[in-house]
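Good morning, and thank you for coming.

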Amino acid sequence: MESTFVKLYSGSFIIVQPICKNLESQGIIPIVKDETESARLAGFGISNYGNQDIFVHQNEYESASKILTATLIKMGI
């Protein structure tokens, strides 16, 4: 099965949360994948603790990318 979602950003929980909030305020619903939490629940460890990935629908990628850039600039990153 082919995925229609693309990765927009990967980073810490602290940065991911405002990005998701800004995406949602513009009608873009992101999917957040947290490998650390999934591994913890399964009883495994993972090396990149605290990182999360944001995925958006491929049709919304261009708009989401602009929101991402604006959010990172506003955060001084």
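Which residues on the other side of α3 are exposed? They are Glu62, Lys66, Ile73 and Lys74, where exposed means over 50% relative accessible area, buried under 20% and partly exposed in between, with a 1.4 Å probe and protein chains only. The model is predicted: local features need pLDDT of at least 70, side-chain atom pairs count only at pLDDT 80 or more, and totals for chains, interfaces and linings use all residues. Residues are numbered from 1 along each chain as its sequence is written, and side-chain values use heavy atoms, with hydrogens and water left out.

Helices (H or I, at least four residues) and strands (E, at least two) are DSSP runs, numbered from the N terminus. The buried residues of α3 are Ala64, Ile67, Leu68, Thr71 and Leu72. Seen down the axis of α3, these fall within an arc of 130°, so they line one face of the helix; the arc is that of the directions from the helix axis to the C-beta atoms. Their cover includes β1 (5-12), α1 (13-25) and β3 (51-57), contact being heavy atoms within 4.5 Å. After α3 comes Gly76, with a positive phi near 80°.

I turn to the sheet. Three strands form an open sheet in the order β1-β3-β2, with antiparallel pairing; two strands pair if DSSP finds at least two bridges between them. The edge strands, each pairing on one side only, are β1 and β2 (31-33). Three bridges join β2 to β3, and Lys33 has Asp53 in β3 as its bridge partner.
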